[in-house]
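Time to open the notebook on this one.

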Amino acid sequence: MSDVWRDITVSFSSYPYDIVRRLQDLFGLSEYEAVNVYDQRNYYKPVLHTKHNYKKYPIIENQYPEHSSLINGDCLEELDNIPDNSIDFCFADPPYNLNKKYENWNDGIDIQAYFKWCDKWLSSLARILKPGRTLAVINIPQWCIRHFKHLKTIMDYQDWIVWEGLSMPVRMIMPAHYSILCFSKGKPRPMPGFARQTHSFLERKALETLSENYCIRPTCMKIRKRLKHNDTEIASNLWWDIHRLKHNSRRVDHPCQLPPNFMYRLISLFTHENEIVLDPFNGVGSTTLTAQILNRRYIGIELSEYYCKIASERHKELNLGLNPFRKNGGTPKAKNSPVERLKKQKYEVSKKNAST
Ligand SMILES: C[S@@+](CC[C@H](N)C(=O)[O-])C[C@H]1O[C@@H](n2cnc3c(N)ncnc32)[C@H](O)[C@@H]1O
């Protein structure tokens, strides 16, 4: 069992019996032992968006930046060079301080120092964002709670997206989700992905998800397509249909790249064409590449010269008409898992036949 429970349905107005029962089971409580339930859903009230009034600030329309760019540098310094109210969407995928092996970054610093550092770049991102626009930050849920605490003092809460991206089993419940915390600068504008009348093919695909409970065997999907059944629905804030980039042939040399489909969805939701997307931790370019493919302008900042160079090479490939997310032959040096890789296995019965 993982920490995403999609098999339980709870309505906002009723008592969550099934959840309480599962918690009882999980923590070994018998039916007759008392469980104190603090139901905080009553505190979930719509935000009035009056707290932070950014109307007085001028918006810099289409003057900044002249060109999309990749910047090799420290985001805290580089963000200082970007004007107030000039960016349409900021997305941050920072190091999570979980001892990942980055090329030149210590991912295991004192946790209070980590939070202090995060507060600094979060504040800078809030400053450069245009009013009504969104700042989205992805992190593990515990750290997002801390980001929330800081962000609510300067911005307005907009959404909390859960990305179910299966991870390694550790100890008890399989950690299977990341949080994407979304705050707007003052009152949010109508959500671009839902507000616009027409979508490009890629935008439409990114905003749709396969309906739950449909059989995903290719033969079944083919039959339903022939019968013109609609297999898709608009994605909610629980993203269970985007897989992590586990397969090495789809990765370049970086320990934690985001999958392109994840970025397509995020950018399609929060921006329109020609708008400007900024990522202060651009890594090997997942954000800036998808932004370019979706006809958005971009600024990607990355500390490591090596990762920045990989991103830049991939943009060059894209400009030549190649798919930068295509399969490649090599095995990246950077590992995305602390577990040793197994040698390629040879099975007596192929995996495909074993299931039938
Ligand atoms: C979680 S990774 C982002 C990966 C990226 N989303 C991708 O798909 O390629 C975090 C990145 O932040 C970079 N980084 C760490 N500290 C930084 C800083 N102060 N300024 C800019 N980049 C930094 C690391 O080198 C790493 O590539």
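Predicted model: local features only at pLDDT ≥ 70, side-chain atom pairs only at ≥ 80, totals over all residues.

I took a nonpolar core to be a set of buried Ala, Val, Leu, Ile, Met, Phe, Trp, Tyr and Cys residues joined through C-beta atoms within 7 Å. Buried here asks for 20 or more other C-beta atoms within 10 Å of a residue's own, with C-beta atoms placed from the backbone.

Residues are numbered from 1 along each chain as its sequence is written.

Core entry. I found 49 residues in the largest nonpolar core, and Cys90, Leu125, Leu135 and Ala136 touch the most other members. Helix 8 (residues 260-270) gives this core its largest share, seven residues; helices (H or I, at least four residues) and strands (E, at least two) are DSSP runs, numbered from the N terminus. I also noted a second, separate core of six residues, with Val252, Tyr307, Cys308 and Ala311 among them.

Strand entry. How many residues of strand 5 (residues 177-184) are buried? Eight of the eight are, so strand 5 is largely enclosed by the rest of the structure. On one side I see His177, Ser179, Leu181 and Phe183, on the other Tyr178, Ile180, Cys182 and Ser184, all buried.

Pairing entry (at least two DSSP bridges between two strands). Strand 5 pairs with strand 3 (residues 129-139) in the antiparallel sense over six bridges, and Ile138 stands opposite Ile180. Strand 4 (residues 156-164) also pairs with strand 5 in the antiparallel sense, over eight bridges, with Asp159 opposite Cys182.

Note on methods
Buried ≥ 20, exposed ≤ 12 C-beta atoms within 10 Å, placed from the backbone.
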